[in-house]
Amino acid sequence: MPTHKIEDLLSEHHRRFTPLQRLLARTANRKQWTAELRAAIPPPLNKEVEVADIKGPTAYLQCQSAAAATRLRFLLPEVQAQLTSLQSFSQVTDFRVKVSQS
């Protein structure tokens, strides 16, 4: 089995992205989406919410507690207008809120 340098694994010389590149891009997207969501939500709730994924018209949100999920569900109608003005959330029409299992 050949060994590869990390620079080779991260480089974009391939026609297709490597699994590591896809994972890094997905992580960067999640961080960006979460930062945008948190900017639209008042503290302290904004620290308890993150974006798990955006697939098509659905954004999947995770909360640290059931109480945070309930508060977020009440806030979503007013926050949704603010979020859909952002490119990341422009196609999102549905928000699914779940409580983290951690």
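## Basis of the model

Residue numbers start from 1 along each chain as its sequence is written, and side-chain values use heavy atoms, with hydrogens and water left out. The model is predicted, so local features need pLDDT of at least 70, side-chain atom pairs count only at pLDDT 80 or more, and totals for chains, interfaces and linings use all residues.

## Overall fold

The protein has three helices and three strands. Their order along the sequence is α-α-β-β-α-β. These elements are DSSP runs numbered from the N terminus: helices are H or I with at least four residues, strands are E with at least two.

Of the 102 residues, 32% are buried. Buried means under 20% relative accessible area, exposed means over 50%, and partly exposed lies in between (1.4 Å probe, protein chains only). The accessible surface comes to about 7,300 Å². Carbon and sulfur atoms hold 55% of that surface. The areas come from the Shrake-Rupley method with a 1.4 Å probe; for residues, only the protein chains shown count as cover.

Contact means heavy atoms within 4.5 Å. Take the contacts between residues at least 6 apart in sequence: 48% of them join residues at least 24 apart.

## Helices α2 and α3

Helix α2 spans residues 19–40, and helix α3 spans residues 66–84. The two pack at an angle of about 130°, with axes 10 Å apart. That angle makes α2 oblique to α3. Axes are lines fitted to C-alpha atoms, for helices over the stretch in contact, and angles run from 0 to 180 degrees between N-to-C directions. Under 35 degrees counts as roughly parallel, over 145 as roughly antiparallel, 65 to 115 as roughly perpendicular, and the rest as oblique.

The crossing of α2 and α3 is right-handed. On α2, the contact uses Glu36, Leu37 and Ala40. On α3, it uses Val79, Gln82 and Leu83. By class, four of these residues are nonpolar, one is polar and one is charged. Nonpolar covers Ala, Val, Leu, Ile, Met, Phe, Trp, Tyr, Cys and Pro; charged covers Asp, Glu, Lys and Arg; the others, Gly among them, are polar.

Leu83 sits in helix α3. It is buried, at 1% relative accessible area. Beyond neighbours within four places in sequence, Leu83 contacts Glu36, Leu37, Ala40, Phe89 and Phe95. Leu83 and Glu36 are 47 residues apart in sequence, yet 7.7 Å apart from C-alpha to C-alpha.

Ser88 lies in the loop between α3 and β3 (94–99). Glu36 features here too: its C-alpha is 8.6 Å from that of Ser88, across 52 residues of chain. Leaving out residues up to four places away, Ser88 touches Gln32, Trp33, Glu36 and Ile54.

Thr34 belongs to helix α2. It counts as buried, at 9% relative accessibility.

Not counting residues up to four places away, Arg26 touches Ala52 and Asp53.

## A cis peptide bond

Most peptide bonds are trans. The bond joining Pro43 and Pro44 is cis, with omega about 0°. Pro44 is in the loop between α2 and β1 (49–55).

Definitions and conventions:
Left-handed = near helix turned anticlockwise from the far one by under 90°.
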